[in-house]
Amino acid sequence: MNDHALSITLFVVFVAATLGITFWASRNTKSATDYYAGGRSFSGVQNGLAIGGDYMSAASFLGIAGIIALSGYDGFLYSIGFLVAWLVALLLVAELMRNSGKFTMADVLAFRMSPRPVRTAAGVSTITVSIFYLLAQMVGAGALVGLLFGITSDAGKIGTIVVVGLLMIIYVVVGGMKGTTWVQIVKAVLLMSGAALVTLLVLGHFGFNLSSLLGTAAQQSGKGDAFLNPGLKYGVEAKGIVGKLDLISLGLALVLGTAGLPHILIRFYTVPTARDARKSVLWGIGIIGVFYLLTLVLGFGAAALVGSKAIAEQNKAGNTAAPQLALEIGQRLFGDVGGTVLLAIIAAVAFATILAVVAGLTLASSSSFAHDLYAHVFKRGQATEQQEIKVARIAAFGIGAVSIVLGIFAQNLNVAFLVALAFAVAASGNLPAILYSLFWKRFNTAGAVSAIYGGLVSAVVLVIFSPVVSGTPTALFPGAAFNWFPLENPGLVSIPIGFLAGYIGTVLSKEYNAGKYAEIEVRSLTGAGAEKATGH
Amino acid sequence: MTTRHDASSAYEQVQASPDFQELRRRYRNWAFPVTVAFLVWYLLYVILSGFARGFMGTKVFGNINVALIFGVLQFVSTFLIAWAYARHADRKLDPLSDKLRGEMEKTSNE
């Protein structure tokens, strides 16, 4: 237990510091703009760090390092998709959304459409995507706590899920966007520092010779050169064409999903101008890019120094590769105390990462519930600001409570696929609706609603009938077999369905508003009439 | 409702103006082809990872193979495109959008 006392202490310090910031931020959170968008007063650099904080989830830190440690090169494929995706956000979405929207993704979609059906669809999609993502993170937190903090009982896991859930509710309800953004900034700095520290130690251990690191990793993985080539994880050869198509399907969802993730999109509203939104994405790309290069070294380093076998024994998915590596390299370089300290740092950082990401997701989904579903659909735009903020806080509490309960029930299920599903839904439903809204004059209500529901429903239905839900030993329900759809990732089919549904819905309806298109086009490119920052 | 109609037609006038058409052209002519290019470049990488594993596994020097270099090149191209877009926006888009926004805010204050 002594080994874990330091991890827990460091984590408690992080929680205390971020709670302090959250309560401090809450003093200046009065208007709806403060609550939803942090008063639009963050700088490009601050928001760039927060983008990194929101995006670098435990799935990318522990998950990618783990996949690389067990399956070698294939983990790198994820990193590349996750990074290249940011160019879609930079070139096509960030600035235009900042100029034409207010608080949520639906603000842009509903701009020239009939608001109620479009906001309903966007709200449903936002909440669905966020809950999938949240659930995967919550269950991940329960699974990790045993390995990181030495808590292995079922009661301990449930306790962890409850604590994570309660903390994220406090961050969001008390601090709103301002508090949540500061949590992301602190977490991003800690995560980058922790990952950079271990990376430097690993590289130093190999005399900064990447080739020698890779050679040792290949040897210690027990898989030889195949470890450095694509294809181990996706069993491309064993599964033939299906494995290859699955890889392409995953690649598509990763690269197109980011610019449709609601918790990422609302980040663009927290800065004063479109130029700051651009700057924040540039900083985000820099931070995220460097981070994924670090995870590459961490993953191969874990394989080389800890060995794939020892990692798989701890956790079948390899999620503990990074902490195990920290312990190993610390012990080798600085003895037992060094190992304990380094492990404690990485474990605390991993937990801070989970906490920050779930807070961002809760904020995005509760904002959409209050602003889209309550204020515009239910109250038809007649709600006051104070009513809206109150409902947003209640919704954050409700969504938090729901994800705690679901997280407890799902704690022994394999729900890791939910992150990929969230990306697939974002790419299939949200992205077509956003791009058509910004760039296609003829686009209309029927098109927006068809794109969102078409993409959302096709992605979810295909996953339900895929091998991740039934028919395989690692599936959600290993005992059943209704897996008629062969691919694990639905993107290859559902993304074209989303774009096509948006197109067909549009041309089948005669509605279209040239005046409002002129307005969104002029506003999105010039920033005229864009929402201003509030002065605090 | 009338004000709303007037506002819309003011936007339509700006939309039809030569300055705005030039801004729109400069933005789209850069962003759209580059988006297609980086998506094709990325998909090429993904497809080669699935279908040309022999080629991707070729060692170039030491234990560094084509797959790793190709992957790192995706990082490099992402950084370069981001930098080039920032430069393009700074030089070609911002001055024009500032000018248009200034004109529109002046008219709406009169």
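What pattern does chain B follow, read along the sequence? In this predicted model, chain B runs α-α-α-β-β-α. The legends below treat each chain in turn, then the contact and selected local features.

**Figure 1. Chain B, with 4 helices and 2 strands.** The C-alpha trace of chain B spans about 70 × 25 × 20 Å along its principal axes. The radius of gyration is 22 Å, whereas the globule rule gives 13 Å for 110 residues, so chain B is more spread out than a compact globule. Of the 110 residues in this chain, 26% count as buried. Where contacts in chain B join residues at least 6 apart in sequence, 56% of them link residues at least 24 apart.

**Figure 2. Chain A, with 20 helices and 0 strands.** Along its principal axes, the C-alpha trace of chain A covers about 70 × 55 × 45 Å. A compact globule of 536 residues would have a radius of gyration near 24 Å, and the 22 Å of chain A agrees with this. Buried residues account for 65% of the 536 residues in chain A. Among contacts in chain A with a separation of 6 or more, 80% are between residues 24 or more positions apart.

**Figure 3. The contact between chain A and chain B.** Chain A provides 43 residues to the contact, and chain B provides 45 residues. On the side of chain A that touches chain B, two or more residues come from each of α5 (74–100), α9 (210–221), α11 (241–257), α13 (274–305) and α20 (514–526) of chain A. The largest share of that side, 10 residues, belongs to α5(A). Sorted by class, the side of chain A that touches chain B comprises 27 nonpolar, 9 polar and 7 charged residues.

**Figure 4. The largest nonpolar core and A350(A).** This core contains 232 residues, and those with the most contacts inside it are L109(A), A302(A) and A350(A). Helix α15 (residues 321–378) of chain A contributes the most to the core, with 31 residues. Leaving aside residues up to four places away in sequence, A350(A) touches A58(A), F61(A), L62(A), L144(A), L148(A) and P323(A).

**Figure 5. Helix α4 (residues 58–71) of chain A.** The 14 residues of this helix reach 18 Å from the first C-alpha to the last, close to the 20 Å expected at 1.5 Å a residue. Of the 14 residues of α4(A), 14 are buried, so the helix is largely enclosed by the rest of the structure. Just after α4(A) comes G72(A), which takes a positive phi of about 70 degrees.

**Figure 6. R40(A), a residue with positive phi.** Although R40(A) is not a glycine, its phi is positive, at about 50 degrees. The residue is found in the loop between α2 (32–37) and α3 (44–55) of chain A. Is R40(A) buried or exposed? R40(A) is buried, with 23 other C-beta atoms within 10 Å, the cut-off for burial being 20 or more.

**Figure 7. R380(A), a residue with positive phi.** R380(A) is not a glycine, yet has a positive phi of about 50 degrees. R380(A) lies in the loop between α15 and α16 (385–409) of chain A. With 10 C-beta neighbours inside 10 Å, R380(A) counts as exposed, the cut-off for exposure being 12 or fewer.

Methods. Residues numbered from 1 in each chain as written. Chains lettered and ligands numbered in written order. Predicted model: local features only at pLDDT ≥ 70, side-chain atom pairs only at ≥ 80, totals over all residues. Contact = placed C-beta atoms within 7 Å. Nonpolar A, V, L, I, M, F, W, Y, C, P; charged D, E, K, R; others polar. Core = buried A, V, L, I, M, F, W, Y, C linked by C-beta atoms within 7 Å. Rg over C-alpha atoms; globule rule 2.2 N^0.38 Å. Expected span 1.5 Å × (residues − 1).
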